[in-house]
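Take a look at the structure, then read on.

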Amino acid sequence: PAREDKRKDYRARFGGAGRNYLLRIDEENEASIMAGAVPPVFERLVPLVPGRCVLEVGAGEGLMSLALAAQKERVVGIDMTAVRYEKAKEIQAEWRKLGRDVDRCEFVLGDIFEQRHLFRGMDTLLACRVIYYFRDRLEEFMAIARENVRYVCLVGNPGRARHYKAGDLSRLEGFEYYSTS
């Protein structure tokens, strides 16, 4: 309970409730991230992402995009939430100061349906814990991907998958299914 209260307090400082808070960063790990540490979940995923040019949809604070930057020709991370986009830019600036190879990474604030041009020249689409938010536009999103990229990497969400398997469809009206393996 105390840890959850700390997380809520931290989230409130960065945009409040709903989708305007930072999901991957909290008071306990912010200092290490700003010092250049890549969270273990992203370190494990980096070798699994194929291709030279990666478009990450729902990039959030940009940690996965930044982790990929040193190994890819080009990485673009797009997110719809301004506070998360700004944090991604801040982390990128800090990592650049530390000498980390992050210059091949670009962040875009916006809706992928309004920024379809970002698919051009990309060979990989990466979506970590996000496709269920597309809801009734998921088929449209995947059609765009089929037309534009060779590889699609989807990362599920164990918490949402548990909700789905338990029959709790109140949060995403059944779209939790897309968080399962």
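## Around Asp79

This is a predicted model. Leaving aside residues up to four places away in sequence, Asp79 touches Gly58, Ala59, Gly60, Arg84, Val108, Leu109 and Gly110. Asp79 sits in strand 2, which covers residues 74–79.

Is Asp79 buried or exposed? Asp79 has a relative accessible area of 8%. The cut-off for buried is under 20%, so Asp79 counts as buried. A polar atom of the Asp79 side chain lies 3.4 Å from the backbone nitrogen of Ala59.

## The nonpolar cores

In soluble globular proteins, nonpolar side chains tend to be buried together. Here, the largest nonpolar core holds 26 residues. Met64, Leu68, Ile91, Trp95 and Leu126 touch the most other members. Two or more residues each come from helix 2 (30–34), helix 3 (40–45), helix 4 (63–69), helix 5 (82–97), strand 3 (105–109) and strand 4 (124–128). Helix 4 gives the most, with six residues.

Which residues does Ile91 touch? They are Ile25, Ile33, Met34, Glu61, Leu63 and Leu66, not counting residues up to four places away in sequence. A second, separate core has 22 residues, including Ile78, Val108, Phe119 and Leu125.

## Cysteines

How many disulfides does the structure hold? The number is zero. Cys128 is in no disulfide. The nearest cysteine sulfur belongs to Cys153, 8.5 Å away. A disulfide needs the two sulfur atoms within 2.5 Å.

Cys128 is buried, at 8% relative accessible area. Cys53 also counts as buried, with 5% relative accessibility.

Conventions:
Residues numbered from 1 in each chain as written. Predicted model: local features only at pLDDT ≥ 70, side-chain atom pairs only at ≥ 80, totals over all residues. Heavy atoms only, no water. Core = buried A, V, L, I, M, F, W, Y, C linked by side-chain atoms within 4.5 Å. Buried < 20%, exposed > 50% of the residue type's maximum accessible area, 1.4 Å probe, protein only. Helix = DSSP H or I, 4+ residues; strand = E, 2+ residues; numbered from the N terminus. Contact = heavy atoms within 4.5 Å. Polar contact = N/O pair within 3.5 Å; in protein donor to acceptor, adjacent residues only side chain to side chain.
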